[in-house]
Amino acid sequence: MTKELTYLNYLKQELLPTQWCPGCGNGIILKIACMAMEKLDFQQKDTVMVSGIGCSGRSAGFFDLDSVHTVHGRALPVAEGIKLANEKLNVMVISGDGDLFGIGGNHLLHASRRNTDITVICISNAIYGMTGGQCSPTTELTSKTLTTPRGNVDSPINVQALVTAHNCFYARSTTFHFNHALKCVFEALQYKGFSFVEIKSQCITNDGRRRGFKNSYEMLMSYRENYKINNDTNKLEHNEIGIIR
Amino acid sequence: MTKRLLQGNQAVALAAVKAGLDFYAGYPITPASEILHELVNKKTVKVLQMEDEIASINAIIGSSLAGAKSMTATSGPGFSLMQESIGLAHMMEIPLVIVNVQRVGPSTGMPTFPAQGDILQCKYGSHGDYFPIVFYPNSVAELYEFTFNAFNASEESLSPVILLSDSYVGHLYETIEETDYPISKRTLAPLGTSNRHFTGLTHADSKPATSDPEVHKKFIKHLEAKQKKVSKKYNNYEYIENKDSDTLLIAYGAMSRVAYDFKEDFAIYRPVRIFPIVEKIKAIAKKYKEIVVMEMNTGQYANEVERLLHREVKLLPILGGKIDLKEIASKLRRIKKKK
């Protein structure tokens with residue numbers, strides 16, 4: 001990595017700043033996606049960005065690429081249709097945990113089974129942020145949200161098990177571990193087949209503040225404390241980040 | 001010209017290939033599965049059997065955006081699942097063809113029996129205002145011809161066009177001529193050519209989203225005008241005049257084939273482009289005192305016709321997929337006597 005990465009060339013700069021709340025993790029992930037593309041020298045003519053619905057769904061519109069903002073939960077089948085109709089295109093999906101595991105969960109199961117050559121970046125913030133902070137499929141057990149005022153009674157979905165069940169590329173990182181997350185996306189984009197990067201991200205407005213965090217900095221620090229990098233495993237523990245392929 | 005004995009569903013598949021179909025995604029469903037079965041054997045078409053109809057319509061939205069002429073086929077239950085993304089395709093202005101081989105509903109209903117219960121779902125099934133072009137042929141030859149028309153109209157209007165069928169005409173075998181009808185070219189540049197943003201949000205040219213009501217009003221007007229303009233090219237209907245009758249019998253799809261049996265006693269009008277409604281019906285209806293709409297639902301098209309003509313229309317619902325000529329004849333006689 002000798003070349004300085006500018007990343008801004010991959011964005012429609014006239015649309016900045018984004019409309020996301022101060023402290024949101026989405027912007028960090030946008031930057032990571034741009035830098036990974038830049039490292040691989042992806043061109044406008046061969047790259048397409050697809051997103052679903054939610055705060056993360058607005059991501060696609062910021063890229064200076066042909067981009068598709070689909071309906072809720074359906075980013076994966078749209079991306080698969082694009083890839084299979086024109087296999088020369090690099091097809092990327094950026095979407096949230098509610099979109100990919102909740103309403104669109106069935107498509108994740110089958111897109112990974114089909115091993116379609118697309119890369120999915122999941123902004124996993126454990127909350128439905130855009131609609132005000134309802135419990136999502138990745139909300140931790142006992143965690144308090146708008147719809148689980150006495151604590152979540154269900155365990156979060158095991159994304160690693162779902163994606164690796166079909167021997168696909170799975171990586172987990174957080175918005176605190178910037179270089180690690182960048183490495184995950186960089187590797188995922190080069191993987192031939194279905195690759196999935198889950199990046200834990202903070203939502204201070206509709207999640208963190210209900211759980212006692214003062215600001216998003218505190219949430220980022222909690223990622224530093226709670227997640228350890230493990231480069232040598234074929235199964236990540238709950239508190240580990242790394243790449244499984 | 002080659003003559004072939006074909007099933008209605010097979011004719012749709014064959015015509016789709018000839019019209020330039022590149023990509024098909026679908027989910028098995030009675031009575032539409034034969035279209036999928038036919039297409040998996042075509043070398044020029046990429047065929048994907050998806051996990052459900054929602055995935056199917058979204059996959060063809062993706063493939064169409066990537067430059068492939070795309071189609072899916074289903075029946076009522078699957079068509080219901082597709083509704084949200086049909087709205088998306090109208091909003092993003094994507095050419096698609098959706099075939100709906102209707103069966104008895106609601107819900108699972110009677111899967112192998114014909115019905116015409118999806119008429120209003122075609123027009124109003126998705127939320128918000130949109131103006132779909134819908135064709136409903138009544139023979140194997142016409143299914144073949146209108147598959148071309150559906151593809152052409154979708155390319156010209158940049159919208160999803162619906163080709164309606166039912167388990168009667170879809171499973172009917174007839175001899176057809178394999179005509180090569182003209183094909184409209186793709187105008188939408190494929191993905192990977194610039195920095196366009198396709199979205200279901202109300203959007204202004206360069207901004208991904210807007211909350212300006214004027215932009216939205218303008219967009220809806222644009223959709224309506226566009227669909228009206230393109231549909232003018234396809235003013236397809238059949239009118240059998242009857243100067244001795246004061247009653248116009250309206251029927252379409254499978255039921256119109258039944259209506260032919262009564263052309264001695266009634267004038268017959270059969271819309272083929274069922275939406276937007278062909279305006280010609282206004283002039284034709286003026287010549288008749290009574291109007292009867294015979295359809296395999298409780299009056300879906302009748303209500304649309306009534307609203308357009310501003311006059312009372314009599315209903316003749318044929319429910320449960322049973323087409324009994326004697327029963328229909330006696331019902332029609334009763335309607336005639338009542339006047």
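**View 1. The contacts of A:Ile127.** Leaving aside residues up to four places away in sequence, A:Ile127 touches A:Gly133, A:Ser136, A:Thr139, A:Thr145, A:Cys203, A:Asn206 and A:Asp207 (contact: C-beta atoms, placed from the backbone, within 7 Å). This is a predicted model, in which local features need pLDDT of at least 70 and side-chain atom pairs count only at pLDDT 80 or more, while totals for chains, interfaces and linings use all residues. Residues are numbered from 1 along each chain as its sequence is written, and chains are lettered from A and ligands numbered from 1 in the order in which they are written. A:Ile127 sits in strand S5 (residues 127-128) of chain A (strands are DSSP runs of E, at least two residues, and helices are runs of H or I, at least four, numbered from the N terminus). It's buried because 31 other C-beta atoms lie within 10 Å (buried means 20 or more, exposed 12 or fewer, partly exposed in between).

**View 2. A:Ala126, with a positive phi.** Here phi is near 60° in a residue other than glycine. A:Ala126 belongs to the loop between strand S4 (119-124) and S5 of chain A, and it's buried, with 25 other C-beta atoms within 10 Å.

**View 3. B:His310, another positive phi.** Phi of B:His310 is near 55°. Look for B:His310 in the loop between helix H11 (300-309) and strand S15 (314-317) of chain B; B:His310 counts as exposed because it has 7 C-beta neighbours inside 10 Å.

**View 4. The cis bond at B:Pro31.** B:Thr30 and B:Pro31 are joined by a cis peptide bond, omega about 0°. B:Pro31 lies in the loop between strand S2 (23-26) and helix H2 (33-39) of chain B.

Note on methods. Two residues are in contact if their C-beta atoms, placed from the backbone, lie within 7 Å.
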